[in-house]
Amino acid sequence: MSSISYFNYARSFSFIGPCFLAYLISCFAPALSFGRCIDAHIDLKQGDWRQPKHQTKKDLLKKHESKPTKLTIHFTGVRQVPKTTIQSKLRDLFYYSTRIKNEHKKKLWGDVPYHFYIDVHGKAAEGRSTEYPPDSNTKYQTDGHISIVVEGDDKSPFLPVQQEKLLAMMKALQDDFGIATNQVGIHKAYANTTCPGSAIQAFVEDYRSKQKDFVPDSTRCLAAPL
Ligand SMILES: [Zn+2]
């Protein structure tokens, strides 16, 4: 994210519980859009935070031109908010993404910009469908990228529960998409930004060093129970 906080635009949403239809859709349709290794690490599926007004605006989105080959890590760029639910954070981010234009974000997006969101408690939510490239306030070619955002800014601690979740998700997404370790990177490698801050940058660099011989395997999760 840019330094402009989407929480400035937060609206109060009442949580009315998951819609049964959305739940059914989340059980079947998105399973086709990415592999199953990541599923074990997702705490909130699409239907767990989207109300009818949070449906993806597909007319504003264009699918990846080819299979994603890059996994890119971000931070939200705003302070951590432990008392706000992850559902609210996704809904606020959706509002910012689809309703707000400003000097940094000049157009409306069709959905939250990131594919996966890790909150301050180490919970992960599924955001934008991986069928579509991410969006960004910064200029770079996002086609072919899968994105994970971690809640916090450079003044926030990069918490052990967040590190644990990020580590598991990076490996799972490498397996699901066949992404090589040297293609796991950070936003600032592609654009003029400080994202994702020094702590996450160091974590990703360490990961790349330790996992350099990791061979992605899309069948690794086939034996896992449904
Ligand atoms: Zn970023």
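The legends below describe close-up views of a predicted model.

**Figure 1. Overall arrangement of the chain.** The chain holds five helices and five strands. Along the sequence these elements follow the pattern α-α-β-α-β-β-β-α-β-α. Of the 226 residues, 38% count as buried. Among contacts between residues at least 6 apart in sequence, 76% join residues at least 24 apart.

**Figure 2. The five-stranded sheet.** The strands form an open sheet in the order β3-β2-β4-β1-β5, with mixed pairing. β3 and β5 are the edge strands, each pairing on one side only. On average, neighbouring strands of this sheet are turned by 25° against each other, direction ignored. In general, the strands of a sheet pair through backbone hydrogen bonds, either parallel or antiparallel. β1 and β5 run parallel and are joined by three bridges. I73 has I186 in β5 as its bridge partner.

**Figure 3. Helices α4 and α5 on the sheet.** Two helices are shown here with the strands that they touch. α4 packs on the sheet and touches β1, β2, β3, β4 and β5. The direction of α4 makes about 170° with that of β4. α5 also packs on the sheet, touching β1, β4 and β5. The direction of α5 makes about 160° with that of β5.

**Figure 4. The two sides of helix α5.** This helix has 14 residues and reaches 20 Å from its first C-alpha to its last, close to the 20 Å expected at 1.5 Å a residue. Its buried residues are G197, I200, Q201, F203 and V204. They cover an arc of only 160° around the axis, and therefore lie on the same side of α5. An α-helix has 3.6 residues a turn, so residues three or four places apart point the same way. The buried residues of α5 pack against β1, β4, α4 and β5. On the other side of α5, the exposed residues are S198, A202, E205, D206, S209 and K210.

**Figure 5. Helix α3 and its cover.** α3 comprises the 14 residues 86-99. Its end C-alpha atoms are 20 Å apart, which agrees with the 20 Å that a helix of this length should span at 1.5 Å a residue. Buried residues in α3 are I86, K89, L90, R91, D92, L93, F94, Y96 and S97. The cover over these buried residues includes α2 (46-49), β2 (116-118) and β3 (124-126).

**Figure 6. The largest nonpolar core.** This core has 37 residues. Those with the most contacts inside it are L90, Y117, I148, V150, M169, L173 and I200. Two or more residues each come from β1 (70-75), α3, β2, β3, β4 (145-150), α4 (160-177), β5 (184-186) and α5 (197-210). α4 gives the largest share, six residues. Y117 is in contact with L90, A124, A125, G127 and V149, leaving aside its neighbours within four places in sequence.

**Figure 7. Surroundings of G122.** G122 is found in the loop between β2 and β3. Because G122 has 18 C-beta neighbours inside 10 Å, this residue counts as partly exposed; a buried residue would need 20 or more. Apart from neighbours within four places in sequence, G122 is in contact with V161, Q162, E164 and K165. G122 and V161 are 39 residues apart in sequence, and their C-alpha atoms are 4.8 Å apart.

Terms used:
Residues are numbered from 1 along each chain as its sequence is written. This is a predicted model: local features need pLDDT of at least 70, side-chain atom pairs count only at pLDDT 80 or more; totals for chains, interfaces and linings use all residues. Helices (H or I, at least four residues) and strands (E, at least two) are DSSP runs, numbered from the N terminus. The expected span of a helix is 1.5 Å times one less than its number of residues. A residue is buried if 20 or more other C-beta atoms lie within 10 Å of its own, exposed if 12 or fewer, and partly exposed in between; C-beta atoms are placed from the backbone. Two residues are in contact if their C-beta atoms, placed from the backbone, lie within 7 Å. A nonpolar core is a set of buried Ala, Val, Leu, Ile, Met, Phe, Trp, Tyr and Cys residues joined through C-beta atoms within 7 Å. Two strands pair if DSSP finds at least two bridges between them. Axes are lines fitted to C-alpha atoms, for helices over the stretch in contact, and angles run from 0 to 180 degrees between N-to-C directions. The arc is that of the directions from the helix axis to the C-beta atoms.
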